[in-house]
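Dear colleague,

Please find the structure below, handed over for your study. A short account of the findings follows it.

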Amino acid sequence: MGTKNDVSRRAILGGMAAAAGAFGFGCSDDVSSSDDASLAHASRLSNGEQECDVVVVGAGIAGLVAARALSAQGLSVLVLEARGRVGGRTLNQSLARNGFSDRTIELGGQFVGPLPGQGPWPQDKIYNLAAEFGIGTFKTYNEGNYVNYGQGLRTTYSSASRVPLDLGTPNLIIALTAFNALAKQVPLDAPWDAPKAAEWDSMTVESWMRSSLLPPAGPDAPTNHAVQLAVQSVLSTEPREVSLLRWLFYVASAGGLDNLLNTAGGGQDSRFVGGSQRISVAMAETLGERLHLNTAVRRIQHADGKVKVSGDGYTVTAKRVIVAIPPSLAGRMAYDPPLAALHPRGFLRDQLTQRFPMASVIKINLVYERPFWRDDGLAGQATSDSGAVRVTFDNTPYPESGSPGVLMGFIEGDEARIWSARSREERYAKVLDDMARLFGPRVRAPLGGIQGYYEGLWNLDEWAGGGPTCNQAPGGLIQYRSAVRDPIGLIHWSGTETATRWTGFMDGAVESGQRAAQEVLTALG
Ligand SMILES: Cc1cc2nc3c(=O)[nH]c(=O)nc-3n(C[C@H](O)[C@H](O)[C@H](O)COP(=O)(O)OP(=O)(O)OC[C@H]3O[C@@H](n4cnc5c(N)ncnc54)[C@H](O)[C@@H]3O)c2cc1C
């Protein structure tokens with residue numbers, strides 16, 4: 001017989017099981033729902049009025065970190081999560097349905113690095129948080145050669161090289177050097193104070209490319225495709241969509257572009273044993289009944305010196321609320337009074353949410369009997385100037401024992417928008433075409449056949465609205481400055497988009513949760 005806490009725990013994990021059921025061959029795709037409505041319902045908040053010290057909106061990494069920090073200080077906390085699972089933009093996928101019952105891959109955020117000890121800019125916050133729960137890391141497979149596909153030509157090069165040698169190489173080196181140098185001039189806590197902030201925030205990365213790379217040409221030019229791919233692979237957005245200042249801030253926030261792009265010693269260095277969503281599940285378990293799933297927050301009202309947070313059939317009254325969701329989603333909630341009426345700077349926050357869009361991404365995983373590409377001396381990492389899948393990794397799960405083998409690929413920016421609107425069958429056919437170009441005919445029929453195809457369709461998810469993170473077009477940073485995290489009334493803002501270091505990453509989510517919790521503690525004395 002399960003206690004109430006058992007039920008909550010099963011509901012939390014149920015989301016992971018639901019994901020497992022949702023992504024196999026021939027099944028529909030959904031990164032939100034639970035397959036066990038009764039368990040999910042058990043932890044839904046729907047019973048009228050409640051009261052606590054602090055409400056946290058969102059049970060992603062940021063919200064869960066904030067809730068635990070406040071609980072540890074003796075405050076009463078309720079976490080309200082719209083989905084039937086925790087973890088937000090992290091999502092584990094069990095390979096049990098493919099016959100690998102103890103293997104897990106991820107459909108959202110997964111990589112961690114640099115690790116502590118690997119340089120001055122480690123992702124120590126998420127690393128330490130995971131370690132607290134006994135969740136270790138393992139190295140991303142990075143042996144052998146990388147593949148590059150450009151101008152219709154497939155080449156391989158050593159994974160020890162910094163960049164592939166093709167027409168895009170000279171400009172990529174120019175861009176790497178320039179972006180790293182310019183990013184050093186961007187203050188992390190106030191990018192709008194960079195010496196050339198106004199100039200940089202008046203142009204897109206594409207305009208910079210057209211004026212600073214040679215010969216003058218757009219991102220699609222063979223000479224520029226590598227720079228274009230660097231932006232696409234980091235932000236899942238097109239160079240024309242993002243402000244140069246925002247891009248430089250992102251680079252600065254990660255301690256340099258090399259950290260963002262590199263596997264060994266960089267942002268893709270390692271992965272979490274058992275999958276990154278375990279970190280959120282572990283945090284959620286410590287919160288027990290203070291967490292409510294399937295409980296979307298629709299409205300935040302200020303009344304009588306308190307804040308009333310409500311959704312379908314419930315209201316929670318609290319001293320403070322932490323909104324730990326992406327700014328673009330925060331803009332979908334109703335505020336009463338409206339933010340513009342609540343505070344003299346409230347309109348800035350409201351307008352910011354109208355100008356901070358999620359990028360576009362699909363993450364696909366092909367599961368094989370074994371990692372056959374390794375037989376050819378390939379690391380499973382590839383770049384391409386065309387096709388839907390333009391960046392790939394060997395995503396074979398821990399612990400490696402030769403079986404299964406998983407090839408992962410990203411579809412980003414324009415391609416993600418095109419392919420999000422197509423059927424699963426069309427995407428699958430396209431993914432096989434693209435992957436076969438990179439890794440040969442065994443992609444279609446390797447020994448043992450293809451075991452599974454899994455996709456994270458983040459653009460279609462109501463509670464993400466895209467991924468991996470929000471971007472800003474020109475003007476966003478200098479006009480709205482710190483509105484992304486300035487408290488308004490009794491509302492505090494959290495989520496990776498508010499972080500100064502490793503913004504957009506799981507590590508930034510931890511920073512933002514810690515910072516928001518500290519703000520509330522200070523405010524409540
Ligand atoms: C495909 C992909 C690949 C990525 N790769 C990496 C990577 O390799 N490494 C890395 O570090 N990061 C990666 N990221 C980014 C990383 O996953 C995020 O930065 C991080 O998980 C964000 O955490 P968060 O808590 O700030 O926000 P979220 O995870 O978005 O959490 C917000 C939560 O709030 C909930 N919510 C939203 N609206 C409401 C509402 N109205 N009421 C109640 N609840 C609500 C959501 O359901 C969600 O659970 C990736 C993301 C994606 C999508």
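Two strands are said to pair if DSSP finds at least two bridges between them; strands (E, at least two residues) and helices (H or I, at least four residues) are DSSP runs, numbered from the N terminus. The model is predicted, so local features need pLDDT of at least 70 and side-chain atom pairs pLDDT 80 or more, while totals for chains, interfaces and linings use all residues. Residues are numbered from 1 along each chain as its sequence is written, and side-chain values use heavy atoms, without hydrogens and water.

By that rule, β1 and β14 (residues 314-318) pair in the parallel sense over 4 bridges. Gln 50, for instance, has Val 316 in β14 as its bridge partner. Both strands belong to an open sheet of 5 strands with mixed pairing, in the order β1-β14-β13-β12-β16. Because β1 (48-51) and β16 (334-336) stand at the edges with a single partner strand each, one side of each has no neighbour in the sheet.

The ligand is surrounded by 37 residues, each with a heavy atom within 4 Å of it. Glu 81, Arg 89, Phe 111, Thr 496 and Met 506 are the closest. The shell comprises 22 nonpolar, 12 polar (Gly among them) and 3 charged residues (Asp, Glu, Lys and Arg count as charged).

Polar contacts are pairs of N or O atoms within 3.5 Å. A backbone N or O atom of Val 297 lies 2.9 Å from a nitrogen atom of the ligand, and a polar backbone atom of Gly 504 is 2.9 Å from a ligand oxygen atom.

Yours sincerely

Terms used
Polar contact = N/O pair within 3.5 Å; in protein donor to acceptor, adjacent residues only side chain to side chain.
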